[in-house]
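Please study the sequence and the three-dimensional model shown here before reading on.

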Amino acid sequence: MKSKPTSKISNLKSIYDNKVLPVLIDKVCALKIVSEQRALVVPKAHGIVLEVGVGSGLNAEFYNPQTVKQVIGVDPHLHPLARERFASAGIDFISEPLSAEILPLEDNSVDSVVMTFTLCSIPNPIQALTEMRRVLKPTGTLYYAEHGLAPQPKWARKIQQLITPAWKPIAGGCHLDRNIEQLIAQAGFEVSGQQGFTQGVNIVGYYYWGEATPRDLSS
């Protein structure tokens, strides 16, 4: 009996998602412009660090071994290269192949949270950010570098919103149209950051970077 067309499509998608896409993401996320954004925030992390969306460990080289005690890497699609890269960087690394929406950590247990080019692909970003705030100490800091919605020009924003539904399946669930600062603030953080195009106007190159601290929600 011949395979049904839907079965063939499903098999091809599985091969793409599990074999091709991880390699593409690793290459794209290692580009110079992306690495420059990482370098703006990752070196600031200190103490016990939670890295959300650790992926293939591309941030490893940017951590300061003198100020970082340990990095806990969370990612549902953890890449084998992550361990190698952290070992090469001399950083104590613990991996958790889990989603950021439910973190296996105690309240107020980490000094820093690092999030780089990952919020775009988390299915429930507010829930994940709320979890990050929960495990972060009141005196801790979230360091982020992300890409997202371009407020201006209007045509860029419209294209981002238009093509995101088609973009997500081929880009690992990546949303081009998320307002990163707004999402972080909605989850209970005070945001201090910058945003803008760094290499001309394009649909994937609007960046958000900076830091955020837990806001007192008791009052």
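Predicted model: local features only at pLDDT ≥ 70, side-chain atom pairs only at ≥ 80, totals over all residues.

Residues are numbered from 1 along each chain as its sequence is written, and side-chain values use heavy atoms, with hydrogens and water left out.

Seven strands form an open, mixed sheet in the order β3-β2-β1-β4-β5-β7-β6. Strands are DSSP runs of E with at least two residues, and helices are runs of H or I with at least four, numbered from the N terminus; two strands pair if DSSP finds at least two bridges between them. At the edges stand β3 (93-96) and β6 (189-197), each of which pairs on one side only. On average, neighbouring strands of this sheet are turned by 15° against each other, direction ignored.

Strand β2 (residues 68-74) pairs with β3 in the parallel sense over four bridges. Helix α3 (residues 81-89) packs on the sheet and touches β1 (47-52), β2 and β3, where contact means heavy atoms within 4.5 Å. The direction of α3 makes about 165° with that of β3; axes are lines fitted to C-alpha atoms, for helices over the stretch in contact, and angles run from 0 to 180 degrees between N-to-C directions.

Finally, L24 is found in helix α1 (residues 5-28). L24 is partly exposed, with a relative accessible area of 41%, because this class lies between buried (under 20%) and exposed (over 50%), using a 1.4 Å probe and protein chains only.
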